[in-house]
Structures are given as C-alpha cells and as structure tokens.
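Here is a short briefing on a predicted model.

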Amino acid sequence: MIKAVLFDFDGTLMDTQKAIEETWKHIFKEIRNIDVDEETLKSSYGEPLRTSLEKFFPDIPLDEAVKIFKGYQKDMDEEMFKLFDGMEETVKGLQKRDVKMALVTSRGAKSSDRGLSLNGIRDAFEILITADKTTEHKPNPLPVLLALEELGVTKSEAIMVGDTQFDLIAARRAGVKSVLVSWAEINDENLAKKEYAPDYIIDRGMEILDIIDGNYGK
C-alpha cells in the first residue's frame, strides 16, 4: 500500500524550464558574453544551483554568481512558478486519500516554499527536502531516505515522482519505486530503457492517483 508520494519540483510539479533556460542564457551573456548552447544547459538539469554555478563559472565568486542569477529571476514568479496541468487536482486528490507528500528537490528552500505557496498547495506537503537541508543531492539516495524517515514510512510504502535520471537513480538506490513523468521538455525517452528505468511512466498527473488506487494501466 502506497502511503507517501515524493515529488520533484522543476519539470515535475512546476513548468519552470523556459524561465530557467532564459536565466542561464542571461547569466552566460552577462558573465562570459557568449550564447550558451543547449547541451551545456542540459548538463545542469537536476543539479543544485550552486553546483552548476561553480562548474560553469569557477573564476567568479560564488555569492556574486548567485546574486546575478537570482537577481534576474526576482520578478519572474508568474513564469517560474506555474503548475503543470492537472497537478493541483492530483495533489488535492492525494490529500483526500490521506497520502503523505514530500518535496525532494535540488532547488533551495525559499523558492521551493514560495512556488508551492503561490499555487495554494504548500499545506499539502508535510516536509520539504531541499538543497539547503542535506549535503548530498540526487542522484545520491540520501534526500529520498531522509524524506522517508521524516514522513515515517518505509521504502515499500512510497513512490518517487520525477522527470530526470537523477530522480530515477536516487529512487532506485533508495529502494523506492519511481514514476517518470512524460511532459517535461527535457525528458529523454531512453530513460525508460536504462538500468534505473522507472516502475511507472505517466502522461497525466492524475495517473498518480491510479497508481495509489491500484488502477494503473487499467
């Protein structure tokens, strides 16, 4: 019986991809005066912001790079925090079923909390496992294991919902079943064929309720 659902944030709950890409393009132009290519941007997907900034701009003080990045995004709430279609109904459906929910993300605590709050679903999430809360991040299983511990559920009682290999690998290493969403722009169809292939692939958020109810694929 599934008692808890662990959600990734970017590309899973929230349609943030275009806003994030726009921000990266801006910061590369401002700091390096170059037009960054898509492959370079893809290498940052799923990473904590500070990790990506250190990788891309090792010669720039990290706090300065963070300030430039977040400064550009400070007036982008409408573009940044937009739920994917059907996710609000899915979250509320899980609430009605008394299913516990946690956010497991490499995004920071402040913006994670803000995104959920602006969409009226913050109270649905008992805990937020964010980049600020652990020194290890997906694909390391620690964030997933920490969520299970704080929710008080076992590995067999939870599922992890995400859009990247980081989510799938972290779930597999933690011994938790994984759900791959198909709607994210960065989704790679080859993920379903890897050694960390998801247990479920969904095209709509409401299919999570089908998994909970035992009706997936019916």
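A search of the whole predicted structure turns up 10 aromatic pairs. One of them joins W24 and F69 in an edge-to-face arrangement. W24 also belongs to the residues with the most contacts inside the largest nonpolar core.

**Aromatic pairs**

- The ring centres of W24 and F69 lie 4.9 Å apart, with 65° between the planes.
- This pair links distant parts of the chain: W24 sits in helix α1 and F69 in helix α4 (residues 62-73), 45 residues apart.
- W24 counts as buried because its relative accessibility is 4%, under the 20% cut-off.
- F69 counts as buried too, at 6% relative accessibility.
- F84 and W183 form another pair, with centres 5.9 Å apart and planes at 50°, so this pair is tilted.
- F84 lies in the loop between α5 (77-80) and α6 (87-96), and W183 in the loop between β5 (177-181) and β6 (200-202), so the pair ties together parts 99 residues apart in sequence.
- F84 has a relative accessible area of 13%, so this residue is buried.
- Ring pairs also build a cluster, made of W24, F28, F56, F57 and F69.

**Nonpolar cores**

- The largest nonpolar core holds 48 residues.
- V5, F7, L13, W24 and F125 have the most contacts inside that core.
- Helix α1 (residues 17-32) gives this core its largest share, 5 residues.
- A second, separate core has 18 residues, including L6, V144, A147 and V153.
- Leaving aside residues up to four places away in sequence, F7 touches T12, L13, M87, L94, M101, A102, L103, V104, F125, M160, V161 and I208.
- Two of these partners, L13 and F125, are also listed with F7 for the most contacts inside the largest core.

**Largest pocket**

- The volume of the largest pocket is about 1,000 Å³.
- Its lining consists of 41 residues.
- L49, Q73, R107, G108 and S111 lie nearest the pocket centre.
- At least two lining residues come from each of α1, α3 (49-56), α4, α5, α7 (109-118) and α9 (165-174).
- By type, the lining divides into 15 charged, 14 nonpolar and 12 polar residues.

How values were computed: Residues numbered from 1 in each chain as written. Predicted model: local features only at pLDDT ≥ 70, side-chain atom pairs only at ≥ 80, totals over all residues. Heavy atoms only, no water. Core = buried A, V, L, I, M, F, W, Y, C linked by side-chain atoms within 4.5 Å. Buried < 20%, exposed > 50% of the residue type's maximum accessible area, 1.4 Å probe, protein only. Helix = DSSP H or I, 4+ residues; strand = E, 2+ residues; numbered from the N terminus. Contact = heavy atoms within 4.5 Å. Phe/Tyr/Trp six-rings, centres within 6.5 Å; stacked < 30°, edge-to-face > 60°. 1 Å grid on protein atoms, 1.4 Å probe; cavity = no way out; pocket = protein on both sides within 12 Å on 5 of 7 lines; lining within 4 Å. Points joined across faces, edges and corners; volume = space filled by probe spheres on them. Nonpolar A, V, L, I, M, F, W, Y, C, P; charged D, E, K, R; others polar.
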